[in-house]
Amino acid sequence: MADIVLVNPRFELSYWGFEHALPLVRKRANLPTACLPLLAALTPEKHHITLIDENVEEIDFARLARADIVGLTGMSVQRERMQEILRELKKRGVFCVVGGPWVTVQEDYFEDFADVIFIGEAEETWPEFLSDWEAGQSRARYEQKDRTDMTRVPLPRYDLLKMQHYLFGSVQFSRGCPFQCEFCDIIVTFGRRPRLKTSEQVIRELEALRASGMGIAFVVDDNLIGNKPAIKQLLRDVAAWQVRHGFPLLLTTEASIDLADDEELMRLMTEANFISVFVGIETPNEESLRETKKFQNLRSERSLVEKVHSIQAAGLEVWCGLIVGFDHDDANVFDLQREFIEKSRISHSMLGMLSAIPKTPLHARLAAEGRLDEEGQAEFGTNVIPALISREELREGYRTLQQELHEPQAYFDRLDRLYLTGNFRFAQPRAKYWRKHPWAWLRGHSQDLAASLGIFLSLMVNVKDARLRRLYRQRALRLFRQRPDPPVLFAYLLKCVIHYHHYTLAQQMTRRESRLVNTF
Ligand code: B12
Ligand code: SF4
């Protein structure tokens, strides 16, 4: 029997990290990283396993020193902290293994600090390693030959996590994405053939999340709608589960823009209680979309703005990713992006400068062209040397646009054009259910009202900038007067909290108080 500890290291500040917002809602992290409870479930029962998420608790290095195996996961924005932790552990002679998105693309990053590295998925290699380790024959590198059969993935051990500290739960329906964006490492690691869990598996996971007290979950798929016929069936089953249990879990996820072309799919998503979706828009510059092989954003008669409006009209709020610095981007790209965001009424856009992730086709192409500069990363926020503008122009344009996107007046104008004049309606199937079940209606509305009041007071007490406080107060009260609906008020106040994070981040970058935070 082995004593195994799996660690998720502290994240650096990031767009999605919500670091500035979390204290306002008394949470420590956005969501638990999905791999930790999954790896625990893949560990044979005879071993003793502990999960530590440094984002919600301190690491006790003396405890880790007593473990037989310490495993680290991590993505790009954790790599430096991963290295620090490994250094500490090596001083104590601990046997260390590393897996996850970063080491998968940059295998030599941790050098000798990692005794074993895992490349890509690990449903087969993790148990294989554990039996090799028992036999004293573990190798230095494990990589699965075949992609994981998702229908055989076990129920994650959420019970080993301190769920009360997270804003959302995490759950995965599928892996893989059929598209071929040049910059994307997801398809390098998880492939282009979408693989789904069965409805029974997904529903068991939703049950487990519900039992852990979660009310919102992030469906952490690469692209939820990669296989449309299969996901539609799964969504029907999730929708039936939601109805059976009175819509206990709100869901959100990531999907490609072709969602807008499928009315049935959008309807099924709302029936399954999805309220928002993150879409990789990247750019309205069609030349750049072609360059990066994001053809799904070009196809069809309708414009990107019209497609976003269709998704919103179906009851799904759109969040999006934007990228500047493609080879076809000149100095006009910043204006183009700003105009697109204005017209699309998207309040949350994750803006990044194009970065070349190792092992991607973009990385190979730019390396061949001599346009990669790893050393310049700290100064310019990206390893890519742009084609049509200088690095300084890209960096300053990025900073300015970042600030403009989160400028309070502009942000709330977009939000109000969606929620007030646009009369945006989310969670309609749940509202319909509540109308037929008055007790559920009363409970749901009371909970949302109480939570809204808590967030409102927290904003008024904790936000130091009086101008921002006043704006949050005015806008929230105006919304409530015009739409006196507790779920809408709750969503709107959460948006104030998230705005606070993104606004603060943009300010810190503009004032050079934080280093450049790129999306990667
Ligand atoms: C859902 C998702 C999110 C969610 C949830 C993130 C979270 N904290 O869990 C949200 C939207 C919040 C998010 C945010 C960000 N994300 Co994200 N995200 C994803 C996505 C689509 C799925 C991740 C996931 O949960 N997969 C399911 C789990 C089960 O898979 P897994 O972690 O890979 O684990 C498997 C294997 O890797 C392996 N494994 C993993 N760890 C270990 C450890 C050991 C010891 C072993 C043996 C095996 C092992 O075993 C698991 C089972 O097979 C990935 C894309 C992808 N497919 O990787 C991007 C991805 C991980 N995100 C990425 C980035 C950059 C970010 C942000 C920094 C973006 C930003 N600027 O804000 C932030 C970080 C914010 C934060 N503090 O959380 C990048 C990372 C790049 C890299 N190669 O390092 C990815 C790869 C996407 C991309 N290319 O842009 N993300
Ligand atoms: S749509 Fe998203 S996940 Fe799919 S290849 Fe493009 S960037 Fe990657």
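User: How do the residues of the shell around ligand 1 divide into nonpolar, polar and charged?

Analyst: The model is predicted. In total, 44 residues surround ligand 1, and Thr 73, Ser 76, Glu 123, Asp 185 and Asp 222 are the closest. By class, this shell divides into 25 nonpolar, 12 polar and seven charged residues.

User: Which residue has a side-chain N or O atom 2.3 Å from a nitrogen atom of ligand 1?

Analyst: Polar contacts to ligand 1 involve both backbone and side chain. A polar backbone atom of Tyr 15 is 3.4 Å from an oxygen atom of the ligand, and a side-chain N or O atom of Glu 123 is 2.8 Å from a ligand oxygen atom. The distance of 2.3 Å, to a nitrogen atom of ligand 1, belongs to the side chain of Asp 185.

User: Which elements give two or more residues to the shell around ligand 1?

Analyst: The elements that contribute at this level are helices: H1 (35-42), H4 (101-105) and H6 (186-190).

User: How many residues of the shell around ligand 2 are nonpolar?

Analyst: The residues around ligand 2 include Cys 177, Phe 179, Cys 181 and Lys 294. Two residues of this shell are polar and one is charged, while the nonpolar ones number six.

Terms used: Residues numbered from 1 in each chain as written. Chains lettered and ligands numbered in written order. Predicted model: local features only at pLDDT ≥ 70, side-chain atom pairs only at ≥ 80, totals over all residues. Heavy atoms only, no water. Near = heavy atom within 4 Å. Polar contact = N/O pair within 3.5 Å; in protein donor to acceptor, adjacent residues only side chain to side chain. Helix = DSSP H or I, 4+ residues; strand = E, 2+ residues; numbered from the N terminus. Nonpolar A, V, L, I, M, F, W, Y, C, P; charged D, E, K, R; others polar.
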